[in-house]
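Visitor: I have a model open and would like to know what stands behind the words used for it. Could you take me through them?

Guide: Gladly; here it is.

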Amino acid sequence: MRMRPIVETDIDELQALARETGVGFTSLPDNREFLAARIASTVSAFEERTPVDQRLYFFVLEDEETGRLAGCCAIEGQVGRETPFYHYRLGTLAHSSVQLDLHRTIDTLFLSSDHTGDAEVASLFLRPEYRGGDPRHQRNGALLSMMRWLFMAEFRDRFPEKVLAEMRGVFDERGRSPFWECLGSNFFPLDFDEADKLTGLGQKSFIGELMPKFPIYTPFLSEEARACIGQVHEHTRPALAMLKKQGLRWEGYIDIFDGGPTVEAYIDDVRGVRLSRRCRVEVKAGALETTPRPRWLAATTGMAGFRAAWLGRGPDEQGVVTLDEAEARRLEVASGDTLRILDTEEEA
């Protein structure tokens, strides 16, 4: 298994992935024209023809044995520069009466664009057959999630100070969002799927046009909707746990449609960025001894032809990491090249 940038010939597999993501996965809609534009944007970004604040880096996890795409993930260089990037910010208003000697604080939701200009890690999806179970696939999710930190560390000057991740919110067994049913549906003459699709396609102006500009008092929401605030979809919990382990935290921002949390951090404080380092490569013929469960994550140090994969061994005392020929082919490196690596056990 290895990570690489998406290319034009991946369009069919990417659309198949989009169809499997399910409700609430806004950033990967099942729309071939939109997906083709995402691929073209990525190709332009990796060739560094796109302005830094407009770059999209979209990666796929490739099964080398079958050529099939097992999953995907992405990094938005900066959000909100071309189209507004909205959240609700959870706040508090205090009310008091001197005459009655009463004081009360009430939770509120404010429409916000506070994250404009931040980077975003997004679109992480792994096909069910490539999760857990088979020992070969036990760390695929970690590869998808964590290789983005190596990429951001290596190309740190292409990114701003902060990074965020939007988490899918709570849906019931019928694919219904209690938060949307109680709040969003009152302001948008659309069903959730249609509003979600428009947002995924980048058509977000209707949010600012139709959403109330005044704070929403959460006691007016149903108990079921309030319970969704800052909570994630059951399938999103592993991804959220990995992000929290990296140092991303919920600071009170939620998705305006499903109430899912947005977690954030300063990029330089993210553990995978802080603890990754460069090593020199030495390639040896034949198969080399590997650990039963790989702990070293490696990424190449060139923008063109970027690759990432697990390694079976770490660097020596001189900072040299030895690869066998299969590993070298997977990462497309040779002796004398460099890799950025992360010891995930040290990182833990």
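Visitor: Which residues is Leu297 in contact with, leaving aside its neighbours within four places in sequence?

Guide: Leu297 is in contact with Leu143, Met146, Met147, Leu150, Ala309, Trp310, Arg340, Ile341, Leu342 and Thr344, once its neighbours within four places in sequence are set aside. Contact here means heavy atoms within 4.5 Å. A word on the source: this is a predicted model, where local features need pLDDT of at least 70, side-chain atom pairs count only at pLDDT 80 or more, and totals for chains, interfaces and linings use all residues. Residues are numbered from 1 along each chain as its sequence is written, and side-chain values use heavy atoms, with hydrogens and water left out.

Visitor: Why is Leu297 called buried?

Guide: The scale is relative accessible area: buried is under 20%, exposed over 50%, and partly exposed in between, using a 1.4 Å probe and protein chains only. Leu297 has 0% relative accessibility, so it counts as buried. Its place is in strand 12, a strand being a DSSP run of E with at least two residues, while a helix is a run of H or I with at least four, both numbered from the N terminus. The C-alpha atoms of Leu297 and Gly314, 17 residues apart along the chain, are separated by 9.1 Å.

Visitor: What makes Trp296 buried?

Guide: Its relative accessible area is 13%, and therefore Trp296 is buried. Trp296 is also in strand 12, which covers residues 296–300. Its C-alpha atom is separated by 4.7 Å from that of Asp343, 47 residues apart along the chain.

Visitor: Is Leu69 buried or exposed, and how do you know?

Guide: Leu69 counts as buried, because its relative accessibility is 1%. Leu69 lies in strand 3, residues 69–76. Not counting residues up to four places away in sequence, Leu69 touches Arg4, Asp10, Glu13, Leu14, Leu17, Val60, Leu61, Glu62 and Arg127.

Visitor: Why is Arg49 called exposed?

Guide: Arg49 has a relative accessible area of 55%, so it is exposed. Arg49 is found in the loop between helix 2 and strand 2. Beyond residues up to four places away in sequence, Arg49 touches Val43 and Ser44.

Visitor: What makes Glu48 partly exposed?

Guide: At 35% relative accessible area, Glu48 is therefore partly exposed. Glu48 is found in the loop between helix 2 and strand 2 (56–62). Glu48 has a positive phi of about 55° although it is not a glycine.

Visitor: And why is Glu332 called partly exposed?

Guide: The relative accessible area of Glu332 is 46%, so Glu332 is partly exposed. Glu332 has a positive phi of about 60°, again without being a glycine, and lies in the loop between helix 10 (325–331) and strand 15 (338–343).

Visitor: Why are helix 1 and helix 2 called oblique to each other?

Guide: Helix 1 (residues 11–20) and helix 2 (residues 32–46) pack at an angle of about 120°, with their axes 10 Å apart. Axes are lines fitted to C-alpha atoms, for helices over the stretch in contact, and angles run from 0 to 180 degrees between N-to-C directions. Under 35 degrees counts as roughly parallel, over 145 as roughly antiparallel, 65 to 115 as roughly perpendicular, and the rest as oblique. Helix 1 and helix 2 are therefore oblique to each other. The contact is made by Ile11, Asp12, Leu14, Gln15 and Ala18 of helix 1 with Arg32, Leu35, Ala36 and Ile39 of helix 2.

Visitor: Which residues touch the most other members of the largest nonpolar core?

Guide: Phe59, Trp149 and Phe151 do, in a core of 45 residues. A nonpolar core is a set of buried Ala, Val, Leu, Ile, Met, Phe, Trp, Tyr and Cys residues joined through side-chain atoms within 4.5 Å. Helix 3 (residues 140–154) gives the largest share of this core, 10 residues.
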